[in-house]
Amino acid sequence: MSVIAVLGAGKIGEALLSGLLHGGHSPDDLLFTERYPARAAELTERYGVHGVGVADAARRADVLVVAVKPQDIEPVLDELAPLLGEESLVVSLCAGLPTALYERRLADGVPVVRVMPNTPMLVGEAMSAVSAGAHATAEHIAVVKDLLSHVGQVVEVPESQQDAVTALSGSGPAYFFYLVEAMIDAGILLGLPRALAGQLIIQSAVGAAKMLAESDEHPVLLREAVTSPAGTTINAIRELEKHGVRAALLAAIEAAKDRSTELGRAHEPRV
Ligand SMILES: NC(=O)C1=CN([C@@H]2O[C@H](COP(=O)(O)OP(=O)(O)OC[C@H]3O[C@@H](n4cnc5c(N)ncnc54)[C@H](OP(=O)(O)O)[C@@H]3O)[C@@H](O)[C@H]2O)C=CC1
Ligand SMILES: O=C(O)[C@@H]1CCC=N1
């Protein structure tokens, strides 16, 4: 099995380590780098995976997964540049950062695959989208797809769609958590105990997600089946429409896509 090093084991890096371990990877085949020794020690204790320096990771790993914040990428590229060659495989999870950035900064021919995953990776339910950079072959894509298939579903998309994917599925779990949080608050408003409101809404979300995943029916039809004539649901839907919730979602997701594009532009060469 290939050795995988996660550079920057924060929220998504840790989710990947945890997901891969749950998916059957051995801790001996995983490495990570972290800036602070206390964070590294915490991860080693939690997962039995070893923290190493970037040079060690580059030497020992077959696949280097970059999971630092886009704003922190420059020093990581400086460190990696003299260490990697065509036999390496770099996988970037960073929102907005194009494969061309890595290709400009790393040695000629280093293959790079851009991936947008999401945090349900922690429970083996990630949605990941992969795109090949200029030097990544079908074999590199197959390696990355296989890796990510241990922690959820994987699709391949043209890199030109990655900012939109980031706004939809990369950030997507946050929108659902936000809705659940607001709906639990509605339960509180109606006088229910918080624990009960939480149970009612979370199980409704799980059930609705399962129906969406397992039935062939369009979400509109699933919603219509809940919306009885002159019943309760239509009163709620009228309020959602009145408050522009659909338009708010369109605008919110467009704003997330714009930010992803902006994060990439921040690293374009100055002319
Ligand atoms: N969170 C999410 O849901 C998703 C995030 N992503 C992408 O993943 C990347 C990471 O995001 P997220 O996990 O949320 O962010 P975090 O800040 O939680 O994780 C980044 C980690 O990288 C560490 N780090 C920074 N620089 C270095 C370095 N030079 N060497 C080693 N470690 C370093 C940070 O340490 P320190 O804390 O000390 O700064 C931190 O632990 C981003 O690019 C983001 O766009 C993609 C999909 C989903
Ligand atoms: O908010 C962010 O920038 C990252 C990328 C997608 C999800 N979280």
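User: What share of the 271 residues in the protein is buried, and what makes a residue buried?

Analyst: Buried residues make up 31% of the 271. A residue is buried if 20 or more other C-beta atoms, placed from the backbone, lie within 10 Å of its own. This is a predicted model: local features need pLDDT of at least 70, side-chain atom pairs count only at pLDDT 80 or more, and totals for chains, interfaces and linings use all residues. Residues are numbered from 1 along each chain as its sequence is written, and chains are lettered from A and ligands numbered from 1 in the order in which they are written.

User: What makes a set of residues a nonpolar core?

Analyst: Its members are buried Ala, Val, Leu, Ile, Met, Phe, Trp, Tyr and Cys residues, joined through C-beta atoms within 7 Å. The largest such core here has 54 residues, and Val65 and Val66 have the most contacts inside it. Helix H1 (residues 11-22) gives the largest share, 5 residues.

User: Which residues is Val65 in contact with, leaving aside its neighbours within four places in sequence?

Analyst: They are Ile4, Ala5, Val6, Leu7, Leu16, Val91 and Leu93. Each counts as a contact because the two C-beta atoms, placed from the backbone, lie within 7 Å.

User: Which residues surround ligand 2?

Analyst: Ala95, Thr166, Gly170 and Ser171 do. Near means a C-beta atom, placed from the backbone, within 6 Å.

How values were computed: A residue is buried if 20 or more other C-beta atoms lie within 10 Å of its own, exposed if 12 or fewer, and partly exposed in between; C-beta atoms are placed from the backbone. Helices (H or I, at least four residues) and strands (E, at least two) are DSSP runs, numbered from the N terminus.
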